[in-house]
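Me: I would like to learn how to read salt bridges in a protein model. Can we work through an example?

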Amino acid sequence: MSHHTAFGGKMSDLDIVLVDNQRASHQTMRDLLSGLGIKRYRAFADPSDALRELQTEPANLVFVEWQMDRLNGCELIHMMRHKSMKTLSYLPIILVTGQV
């Protein structure tokens, strides 16, 4: 069984991306990840910007908000999983929401 490139690495070496149109969530997630020792963290309010950035510089893990305005989290994940997105198609993704 093959493993993701981050397998066995240190938490401090991970590159995490958050895609959430609620900027308040960016700081909350930054605080949480910082407390875990993660140093590299990128946040995007616009899913299209995140997709462009991830194509040039993939992360180790992506957190995606489910409910966003222009492009929801499921649509973004569907785009990332498309066979034409070779660098993103197997990227670990966690779908999150602050909606209750």
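Me: Is Asp-46 buried or exposed?

Reply: Keep in mind that this model is predicted. Buried means under 20% relative accessible area. Asp-46 has a relative accessible area of 15%, so Asp-46 is buried.

Me: Which residue meets the side chain of Asp-46 in a salt bridge?

Reply: A salt bridge pairs a side-chain nitrogen of Lys or Arg with a carboxyl oxygen of Asp or Glu, within 4 Å. Here the partner of Asp-46 is Arg-70, at 2.6 Å from N to O. The two are 24 residues apart, with Arg-70 in the loop between β3 and α3 and Asp-46 in the loop between β2 and α2. Arg-70 is exposed, at 70% relative accessible area.

Me: How many salt bridges does the count come to?

Reply: The count is six. In one of them, Asp-15 pairs with Arg-42, and their closest N and O atoms are 2.6 Å apart. Asp-15 belongs to strand β1 and Arg-42 to strand β2, so this pair ties together parts 27 residues apart in sequence. Asp-15 and Arg-42 are both buried.

Me: What does Arg-40 form with Glu-57?

Reply: Their side chains form a salt bridge, 2.5 Å from N to O. Arg-40 is in strand β2 and Glu-57 in the loop between α2 and β3, so parts 17 residues apart in sequence are tied together. Arg-40 is partly exposed, at 35%, and Glu-57 is partly exposed, at 34%.

Me: Which residues do salt bridges with shared partners join into one network?

Reply: That network holds Asp-15, Arg-40, Arg-42, Glu-53 and Glu-57.

Key:
Residues numbered from 1 in each chain as written. Predicted model: local features only at pLDDT ≥ 70, side-chain atom pairs only at ≥ 80, totals over all residues. Heavy atoms only, no water. Helix = DSSP H or I, 4+ residues; strand = E, 2+ residues; numbered from the N terminus. Buried < 20%, exposed > 50% of the residue type's maximum accessible area, 1.4 Å probe, protein only.
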